[in-house]
Amino acid sequence: MITELGHFALALALAVALVQSVLPMIGAARGNGALMDVARPAAFAQFVLVIAAFGALVHAFVTSDFSVVGVYNNSHTLKPLLYKISGVWGNHEGSLLLWITILAVFGAAVAALGRNLPPTLRARTLAVQGMISVGFIAFILFTSNPFLRIDPAPAEGLGLNPILQDPGLAFHPPMLYMGYVGFSIVFAFAVAALIEGRVDATWARWVRPWTLAAWIFLTLGIGLGSWWSYYTLGWGGWWAWDPVENVSFLPWLAGTALLHSAIVVEKREALKSWTVLLALVAFSMSLLGTFLVRSGLLTSPHAFAADPTRGIFVLALLGITIGGSLVLYAIRAPYLEGGGAFAPISREGGLLINNLLLTTCVATVLLGTVYPIITDALDVGKITVGRPYFDAVFVPLMVPLVALMGVGPLLSWKRADVTGALARLKIAAAIVAVVAVSTLAVSGTSLVALGTALGFSMAAWLGISTILEWAERTRIIRAGAFQRVIHLPRAAHGMTVAHFGMAVLIAGITASTAGRQEHIQTMTPGQSVEMAGYTLTFKGVATVPGPNYTANRATIELTRDGRLIDTLQPERRVFRQPPQETTFIRIHTRWFSELYTVLGDPDDNGYVTRFFYEPLVTLIWYGTLLMALGGLISLTDRRYRVGAPRRAVSVAAGMPAPEAAE
Amino acid sequence: MTRKSRRLYFVLLGLLGLGAGLALVLTAFNDNIVFFFSPTEVAAKHPKPDQRLRVGGLVVDGSVQKNGTEVVFTVTDMSNVLPIKYVGILPDLFREGQGIIAEGHMGPDGIFAANEVLAKHDEKYMPKEVADALKKSGRWQEGSNAKHPAPENAQR
């Protein structure tokens, strides 16, 4: 019964979304306030209905109602509650429902928080939001209905893949989706602005919090996914340039570019049409991410079953959204020009080069990701574009970007003095030289060592120049610094933290790539392996029963300088439903470095074991967290608060603003 | 800076970015594209030992021989077979009768030396390339494909 109500609520939501996408648009075109006012209640109604539908599906999973196909296929009574709930989005239908739920939440948030937006802009934004909802709800209802029943109902479900029964993965898809869907708001704002033909500093301020929020969620989602693959898959890798990783990375790159170009619109009213284009691109990449993963077009772990009707629907949705918005852009963008001029060497110039490099990254990563699909479709051969390609195109684009990241924040708007900025970074340059020389002294002058030295130099350059910029801005060593730190806009602190996080991330990537050690061997009880200053002694394997699995548990003693410091017990678990084997690795962490142990198959004389030493690998995730934290700090900036737009408008109208003292 | 010269500057910058990106892509594509071959294609095309390849097929029942950390097994597309050698821990769901993909080089001895083996987690699931290769050899029925594969890589 509840399931049918959920289905019905979703159908009603489609009707509401249709109303929301048509009436306010007409109202805005005709200046009819009553029609425009339909947008807000419609967004709220849609929110309530979609939440009801999502709740009904969660209910079916939690109560293990196996008469629902999705529950039967993906759940089991023995599963812990958390994984019953995460099973809701562990499949194609449910994940789309989650998508649309987040969309409805964001839509309601715009309706609730956007009271200060000009009525036409708000009506149009919500209308575009409604159109996206129409497309998605129709897709769910007509091709991927999560509320389908089976009759007679089976007594027990098929279970969720054990590798997906992990807290990291329970929250990875919702995080990513919040990022993807967050860009839909930015997209809606951009389309509305194109229709209005007006993009200005105020528009950039309205859009910025949504871009930031989406970016933060996407950063965390990607980080979570990388961490999960590191500690569950058993080969110690945190990024493989897998197509599925790439499609979540593409909107992140575009979103990062957008965050930076929106600053130029906000401060200088330049790069307007470029910023709008980036907003369109960021959401297009999100759509591509959602659909390439789910459509089965990619050979990938995440791909669910391919169904041709779905494929056509998906292509149509993508075509209408991306094609339509680009056509609108082509027609309307020429009317957006104008804005502050600037010299090539200036803050704007720096941000422009940042954008250029990031969009080039988007293009090259996109090409590498979809190229195999294209060649397959054209039947010119099955190919894979793997890690070497992406490393070869990505790293050369990142090097100048990071070099610029150190200098950029020190450049002034309009026209800057680059020698002056570089002179202020003398200390950073000196430390970079020391880092580079000492890395080379330790590791020699092979190609790998040169790469390592470059990586550490980049990290040092970025980290130190970021701190120097912050110290200079707050004049930290002079009296009254505390006051200046307090009064510095939050966005400035946010930038410092996020850029520093990037430096930490680069250091982690470099160290764990260059210093990684691996040992694979067959071990019998009592044997030991020496590695990175540790001695790992294999003590044997015991069979241990678990709630819904049986485990082979190895015991490995870890000694350093003759002292026992840890006992690690990696396992191989055999699950009963579904009948699958999974590796459970165990990690010993010392400072930021990790020792990673995997138990393999039994062999004639013992067990195969695999050990990795991953130096400074945890910096990758600390760096990612710092970046997200920087975004969060930026988001709390007073200028972007919910009430801010009205005041900003009054500033534009030449009236005194209460926050002018800031 | 006048409007015109500013526009010129943008265009030049854009072209520079485009050119750099293109150059990077072309050089990287040249060296780093990996083709997928079925055992039949391997037999027909005789790939050189320096060409990085992906191969795949069903693991032949009874062909898996483990010798310490080294594993030798045979894959088939039902028309031809190909022996594969791999050192390391195989993915959890590597099984006889299941579809797998291996990446590596052809050895001079006719044995494919893999340094990566991919298997999918669902016992009914078939990697897309393998399914297509089987379809080509006419030994695959549509509809026996299953849902929800989960990731599983073994890399070295």
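## Ground rules

Residues are numbered from 1 along each chain as its sequence is written, while chains are lettered from A and ligands numbered from 1 in the order in which they are written. The model is predicted: local features need pLDDT of at least 70, side-chain atom pairs count only at pLDDT 80 or more, and totals for chains, interfaces and linings use all residues.

## Domains

Chain A is assigned domain 1 (1-165), domain 2 (170-405), domain 3 (425-515 + 621-629) and domain 4 (518-614). These bounds come from an automatic or database domain assignment. Between the C-alpha centres of domain 1 of chain A and domain 3 of chain A lie 43 Å.

## Helices H1 and H7

Helices (H or I, at least four residues) and strands (E, at least two) are DSSP runs, numbered from the N terminus. Helix H1 (residues 2-30) of chain A packs with helix H7 (residues 119-143) of chain A at about 150°, their axes 7 Å apart. Axes are lines fitted to C-alpha atoms, for helices over the stretch in contact; angles run from 0 to 180 degrees between N-to-C directions.

The angle therefore makes H1(A) roughly antiparallel to H7(A). (Under 35 degrees counts as roughly parallel, over 145 as roughly antiparallel, 65 to 115 as roughly perpendicular and the rest as oblique.) Their crossing is left-handed: the near helix is turned anticlockwise from the far one by less than a right angle, whereas clockwise would be right-handed. The contact of H1(A) with H7(A) has 18 nonpolar, 6 polar and 1 charged residues. Here Ala, Val, Leu, Ile, Met, Phe, Trp, Tyr, Cys and Pro count as nonpolar, Asp, Glu, Lys and Arg as charged, and the others, Gly among them, as polar.

## Helices H6 and H8

The axes of helix H6 (residues 92-113) of chain A and helix H8 (residues 167-196) of chain A come within 9 Å and cross at roughly 45°. So H6(A) is oblique to H8(A). This crossing is right-handed.

Residues in contact have C-beta atoms, placed from the backbone, within 7 Å. H6(A) contributes residues including A:Trp99 and A:Phe106, and H8(A) residues including A:Tyr177 and A:Met178. By class, the contact of H6(A) with H8(A) has 12 nonpolar, 3 polar and no charged residues.

## The sheet

In chain A, 4 strands form an open sheet in the order S2-S11-S10-S9, with antiparallel pairing. Two strands pair if DSSP finds at least two bridges between them. Strand S2 (517-523) and strand S9 (586-590) of chain A stand at the edges, each with a single partner strand, so one side of each has no neighbour in the sheet. Neighbouring strands are turned by 15° against each other on average, direction ignored.

S9(A) pairs with strand S10 (residues 593-603) of chain A over 5 bridges, in the antiparallel sense. A:Thr589 stands opposite A:Glu594 in S10(A).

Notes: Two residues are in contact if their C-beta atoms, placed from the backbone, lie within 7 Å.
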